Amino acid sequence: MANIDRRDFLKLVGAGSVGAGAGFMLAESIKHPVEHLIPYPVPPEDFSAGIATFYNSVCSMCSAGCGITVRTREGRAKKIEGNPSHPVNQGRLCALGQAGLQVLYNPDRLTAPMLRAGDRGSSSYTQITWEDGLSRITDRLASLSAEPNGKQVCLLTGGVRGHLADVFSRFMAQMGSGRLIQYDITHPGMLYTANQRFFGQKQLPYYDLEKSRYVLSFGADFLGQWISPVHYGLGFGRSRSARQHTRGQFVQIEPRMSISGAAADEWIAARPGTDGMLALGLAHEIVAAGAYTGSDRDHWAQVLELYSIGPVADSTGIPGDTIRRLAETFASADPSLAIGGGAAGGHSNGVDTLVAVNALNYLAGNIGQEGGIMFNPASPIATAMQPDFATYRDMAELAADARAGRIDVLILNQSNPLHSLPA
């Protein structure tokens with residue numbers, strides 16, 4: 001037995017007690033909170049413990065409108081996948097759509113109304129109840145509706161369609177205000193305007209990439225973020241599979257290589273802002289070579305007289321032989337397709353550029369046929385509303401009215417103008 005006197009023994013016992021106490025306190029401090037599993041005495045009608053339930057919906061992470069199927073268990077969404085029966089994405093879904101659960105369960109997501117507690121811009125808010133928040137809004141709107149001015153209430157929203165757009169319109173009509181403004185930084189407004197000028201229809205047609213044999217893309221990153229990248233990615237892949245038809249060829253024209261440019265058969269770096277000049281040069285070559293034989297051929301030849309290969313090559317930085325080859329291939333391919341957007345429509349001449357791209361499709365006979373441009377039929381829903389997005393001029397007028405005190409109530413819905421507008 002070790003020779004330990006009484007004093008040393010008491011020291012060891014004291015040190016051991018302190019260590020045991022410290023260990024107990026540490027264990028208590030890092031212990032996870034207790035969670036109690038309480039079964040439903042009377043579960044909801046659509047609730048089955050341990051059994052997954054699936055709901056079909058439409059993805060709202062962007063404006064493409066892909067169909068989704070959401071798997072839920074015990075009343076909580078667990079996974080989002082593409083809906084195989086939906087015509088847009090046909091079962092596929094991009095990473096943005098998959099991240100919809102992160103938006104739903106974000107720990108910083110607001111779960112109750114917040115009332116400003118400090119000076120404007122101080123980011124100081126206090127949480128209030130839903131009853132208090134809704135009563136404050138309804139009281140304020142009721143006082144304004146008693147004396148309608150037409151500009152006192154403004155509803156600024158992101159892109160909305162269908163029944164929700166109808167509800168917004170009726171609400172603003174009830175308030176006696178015409179200030180229902182839709183604004184979305186990703187909305188291809190230039191393309192809508194170009195289609196209205198050239199085709200007389202302010203809507204997006206269907207661009208049939210899948211069945212097209214030769215596609216000229218002027219800045220439209222259809223595999224990255226242009227309109228509906230999931231759907232166009234499907235068409236791109238099927239066009240290049242070459243199982244039942246000739247393999248499709250894709251040419252991307254843009255000053256900076258995008259995802260679509262990296263995947264294309266040929267990437268052509270035109271000088272920034274000269275995409276429209278190149279499109280008109282291709283149109284000139286198509287008409288001059290006799291590939292277009294319509295009744296208005298002489299008129300087109302006169303309009304395109306200034307856009308011969310020489311001046312276009314000098315302006316765009318693209319060799320004349322390349323321009324001639326692109327025009328010949330585009331005119332002879334059956335069917336072919338020219339699309340434009342992205343950087344090509346982002347310049348001050350963006351609308352004119354996209355009109356020139358539409359002219360290429362017209363001269364090549366791509367309008368209204370598979371593999372080209374097909375306009376969608378009218379909606380079977382009589383109350384369906386076409387979204388009318390605000391221009392930058394509309395937003396500037398709204399800001400001026402707000403500074404002048406002509407906006408008493410501003411309601412924002414899925415829109416962040418301080419982030420998406422210039423300073």
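I looked up Tyr292 first: at 9% relative accessibility this residue is buried (under 20% relative accessible area; over 50% is exposed, in between is partly exposed, with a 1.4 Å probe and protein chains only). Tyr362, at 32%, counts as partly exposed.

The model is predicted, so I noted that local features need pLDDT of at least 70 and side-chain atom pairs pLDDT 80 or more, while totals for chains, interfaces and linings use all residues. Residues are numbered from 1 along each chain as its sequence is written, and side-chain values use heavy atoms, without hydrogens and water.

**Aromatic rings**

I found ten aromatic pairs in the structure (rings of Phe, Tyr and Trp, the last by its six-membered ring, with centres within 6.5 Å; planes under 30 degrees apart are stacked, over 60 edge-to-face, the rest tilted). Trp226 and Tyr232 are a stacked pair, because their ring centres are 5.3 Å apart and their planes stand at 25 degrees. Trp226 is buried at 6% relative accessible area, and Tyr232 is buried at 5%.

I then checked Tyr292 against Tyr362: this pair is tilted, with 5.9 Å between centres and 45 degrees between planes. Tyr292 lies in the loop between α9 (275–288) and α10 (297–303) and Tyr362 in helix α13 (residues 350–364), so the pair ties together parts 70 residues apart in sequence.

**Strand β6**

Which way do the side chains of β6 point? I read Val153, Leu155 and Thr157 on one side and Cys154 and Leu156 on the other, all buried. In a regular strand the side chains alternate between the two faces of the sheet.

Five bridges join β6 to the parallel strand β14 (residues 409–413), where Leu410 is the bridge partner of Cys154. Three bridges join β6 to β7 (residues 180–182), also parallel, and there Leu156 has Ile181 as its partner. Strands count as paired if DSSP finds at least two bridges between them.

**Whole protein**

I counted 15 helices and 14 strands. Of the 423 residues, 35% are buried.

Conventions. Helices (H or I, at least four residues) and strands (E, at least two) are DSSP runs, numbered from the N terminus.
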